Structures are given as C-alpha cells and as structure tokens.
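Visitor: Please take a close look at a single part of this model, and follow it in detail.

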Amino acid sequence: MFPVKAVFLFFTLFFSVIWKSSAPLYVPPAETDPLMLSCQKFEALYQSIGDSTITPDSASAAFKALFLDLRQLTDAFRKDCSEDLAGGYVFPVRGYYPGTSIGGRGKGYRPSGFDFFDSRVRKSHPAHDLFIRDKNNDGIDDVMCEQVDVLAFTGGLVLGIRQDWTSESQWRGGNYVWVYNPCLNALLYYAHNSTVDVRPGQWIRAGDVLGKMGRTGFNAWQPRSTTHLHFMYLKITDEGLPEPYNPLSLLMESKVLDWE
Ligand SMILES: [Zn+2]
C-alpha cells in the first residue's frame, strides 16, 4: 500500500506545483532595471517630502530630474498610446456612478495654493473624493456588504505605494498608490485604501484592481470622515514639474465597471 500512496502523493504535489506556476503571477522587474530605480527614487523622495526631511527647493529639483529622466525612459511606451487610451477611462470605484459618488458634485476640487513639495501647506485639495455607501464607517459597502475595489482610472506604471499605514501615523494619504501614465505625462494618486494589490514597477491597464477602498490616513480614519477614495490627477509640465489638473469631465464620461 505504501508505494501506491507515495506515488499518489508525488503526483498530487507535482500537479499542484504545475498548477500554481501557471497562475498569472506578478514577476517584479530586476532591482537594476532603470524604471525600477526610478520607482525607488520616487518613493524615497515622496517619503522625504512627507517627513519634511528635504527642503521644498531640493525636492522640486530632485522631482524635476526624476521626471525628465522618466519621460525619456518611457519613450518606447508612448508608441502604443492610441492603444493605451483607446479603451477610455474607468471610474476608480467599482460599481459606482460618477454622478452620485463624486463629492460635492465636483465642488470639492480646490487647486489653489497646492505645493507638492511642502507637506506643511495643507489648505488646498486638488483632488476629488469619491464616496461609497457606508453609514457605519466600517469601510464595507452597506448594500453589497463587501469591500469596494479601487480601479485604475487609466493605465501606466505603478511608481510608488504604501501599505503599512497604522493609526499612529501622521500620514494623511494612508495606504496609497501612485501611477505614472507616460502617454498623458501625468501622475495619478489613489489614497485612503484599506489594502494595496499592486507593486512598484508593475504596469497596469485602465480598470485593473489597485486595491480595496478604506479609511486609512490621519483624517480619513477619524469617525467624522465618510469613507471615500481621494483621487488626484497631476499633469507633469514640460519642465518636469507636477501641476494640478481637474479630471472632472473625464471622470463624468468614464466607464463604470460593475460588481463581479
Ligand atoms: Zn480628499
């Protein structure tokens, strides 16, 4: 009996390994990949800006160098822009319509006074807050009784993420995702997520799941806050600097992906 059992066990293990290896696993780029190095530089710079351990002037110079470099590094990707943008934009909250989800019907967008390089400047809000039905603030959709997917508005390269936020942290964005789209030469920011499912260096398409919506971030986790996704679109200027861009009309015409 023993050899039969052993043979059975061997084949079970063998096929389970084959089965697992055929799943679409994310293979991270090599650490020496120039794009991966750009991601690491971006994450380090963003951390320094948030911690105020870099002066706004130095941060601005470092950002400029990084994004002019990134524009060159992604030159080849711009050849497929018509394909990248052909599918249109996807509303970043699964199962929700722009007309009911966008906070204040778009009036929450306040770009005035925005300074990406100085985290002490806090009056502006060059973003849209996209809300879900969550009366008891538990991060779970009241109707569907499950967490809500954060979807990529457009494709691009995942530049930086955070997924280890705790309530002791002063970070306002909580668990976030930054995506760079070479075709739009734009940075897309998705904040307050519960979990993050993508990794720096990963290329994504519009509609891909970036994570689950949540209430992470210094203000977002407080009881007074209503569960939302903070969505920001920054255009990179020809000089390589970030500039707020209001994506309201693009959001309004974006495609809604239904619950699965
Ligand atoms: Zn916000």
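Guide: A residue counts as buried if 20 or more other C-beta atoms lie within 10 Å of its own, exposed if 12 or fewer, and partly exposed in between, with C-beta atoms placed from the backbone. The part to look at is strand S3, residues 156–161. The model is predicted: local features need pLDDT of at least 70, side-chain atom pairs count only at pLDDT 80 or more, and totals for chains, interfaces and linings use all residues. Residues are numbered from 1 along each chain as its sequence is written. Strands are DSSP runs of E, at least two residues, and helices are runs of H or I, at least four, numbered from the N terminus.

Six of the six residues of S3 are buried, so the strand is largely enclosed by the rest of the structure.

Now its partners. Two strands pair if DSSP finds at least two bridges between them. S3 pairs with strand S6 (residues 203–204) in the antiparallel sense, over two bridges. Here Leu157 has Trp203 of S6 as its bridge partner. S3 also pairs with S4, again antiparallel, over four bridges. There Val158 is bridged to Val179 of S4.

Val179 leads on to the core. A nonpolar core is a set of buried Ala, Val, Leu, Ile, Met, Phe, Trp, Tyr and Cys residues joined through C-beta atoms within 7 Å. The largest one has 49 residues, and Val177, Val179 and Tyr190 touch the most other members. Tyr190 is in contact (C-beta atoms, placed from the backbone, within 7 Å) with residues including Val177, Leu210 and Phe231, not counting residues up to four places away in sequence.

Key
Contact = placed C-beta atoms within 7 Å.
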